[in-house]
Amino acid sequence: MKIDFVDVMRSFYKKSERRGWTRKDLIYLRKYIVERLRGKKFLFLVAEVNNRILGYATGSIGKKDHRGRKHGEIDEIFVKKNFRGGMVGTVLLNHLIKAMKKLGVGDFEAEIAIGNERSKKLFRKFGFYEHSLIFVKKK
């Protein structure tokens with residue numbers, strides 16, 4: 001199924017008022033998407049049933065590594081709360097990986113917040129493993 005990115009963003013914008021998103025939130029989202037698109041191929045998949053969005057997944061494809069393989073990043077997988085624990089996240093991740101492989105991606109990575117056990121379990125199911133730990137210092 002082909003998704004029109006502009007229509008998806010319009011849909012999110014219309015629904016944002018009901019979600020309590022501010023204009024600042026939407027500007028941040030737009031900047032995030034533009035940055036992800038710059039210099040990379042970007043994939044945006046939406047899980048939808050009966051015109052109802054259940055979740056989405058985003059991924060980007062970077063430059064080739066020293067072995068000549070394209071690098072893929074699973075940027076985000078989001079499933080609405082009342083649909084979590086089903087197969088929505090699994091289906092999204094499966095389709096995203098397949099789409100990226102068709103575009104020549106060899107290696108994948110995903111950054112998951114510490115304590116997000118549900119996401120860790122999902123990624124492990126697809127053969128991902130923990131590789132590094134990121135340390136952050138705030139002002």
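The following legends describe close-up views of a predicted model.

**Figure 1. Overall arrangement of the chain.** The chain contains four helices and four strands. Followed along the sequence, these elements occur in the pattern α-α-β-β-β-α-β-α. The chain has 139 residues, of which 27% are buried. When contacts between residues at least 6 apart in sequence are considered, 53% of them join residues at least 24 apart.

Figure 2. Strand E1 covers residues 41–49 and strand E2 covers residues 52–64. The two strands pair in the antiparallel sense, and nine bridges are found between them. Within this pairing, Val46 stands opposite Tyr56 of E2. Two residues lie between the strands of the hairpin, and Asn50 adopts a positive phi near 50 degrees.

**Figure 3. Leu45 and its surroundings.** Leu45 belongs to strand E1. Its relative accessibility is 23%, and Leu45 is therefore classed as partly exposed. Beyond the residues up to four places away in sequence, Leu45 touches Gly55, Tyr56, Ala57, Leu92, His95 and Leu96. Leu45 and Ile77 are separated by 32 residues in sequence, while their C-alpha atoms are 9.4 Å apart in space.

**Figure 4. The largest nonpolar core.** This core consists of 17 residues. Those with the most contacts inside the core are Ile74, Val88, Leu92, Leu93, Leu96 and Met100. Two or more residues of the core come from each of the elements E1, E2, E3, H3 and H4. Helix H3 makes the greatest contribution, with six residues. Val88 touches Ala47, Leu54, Val79 and Phe83, when residues up to four places away in sequence are not counted. Another core, of five residues, lies apart from the largest one and includes Phe42, Val46, Ile53 and Tyr56.

**Figure 5. Gly106 in strand E4.** Gly106 is a residue of strand E4. Is Gly106 buried or partly exposed? Gly106 counts as partly exposed, because its relative accessibility is 25%. When neighbours within four places in sequence are left aside, Gly106 is in contact with Arg69 and Lys70. Gly106 and Arg69 are 37 residues apart in sequence, yet the distance between their C-alpha atoms is 5.5 Å.

**Figure 6. Lys120 in helix H4.** Lys120 is located in helix H4. Its relative accessibility is 19%, and Lys120 therefore counts as buried. The limit for this class is under 20% relative accessible area. Apart from neighbours within four places in sequence, Lys120 is in contact with Ile112, Ala113, Gly115 and Glu130.

**Figure 7. The largest pocket.** The volume of the largest pocket is about 1700 Å³. The pocket is lined by 43 residues, and those closest to its centre are Ala110, Glu111, Ile112, Ser119 and Phe123. How many residues of each class form the lining of the largest pocket? The lining comprises 19 nonpolar, 11 polar and 13 charged residues.

Notes. Residues are numbered from 1 along each chain as its sequence is written. This is a predicted model: local features need pLDDT of at least 70, side-chain atom pairs count only at pLDDT 80 or more; totals for chains, interfaces and linings use all residues. Side-chain values use heavy atoms; hydrogens and water are left out. On a 1 Å grid over the protein atoms alone, a cavity is a set of points where a 1.4 Å probe fits but cannot get out, and a pocket is an open set with protein on both sides within 12 Å along at least five of seven lines; lining residues have an atom within 4 Å of a point. Grid points are joined across faces, edges and corners, and a volume is the space filled by probe spheres set on the points. Ala, Val, Leu, Ile, Met, Phe, Trp, Tyr, Cys and Pro count as nonpolar, Asp, Glu, Lys and Arg as charged, and the others, Gly among them, as polar. Two strands pair if DSSP finds at least two bridges between them. A nonpolar core is a set of buried Ala, Val, Leu, Ile, Met, Phe, Trp, Tyr and Cys residues joined through side-chain atoms within 4.5 Å. Buried means under 20% relative accessible area, exposed over 50%, partly exposed in between (1.4 Å probe, protein chains only). Contact means heavy atoms within 4.5 Å.
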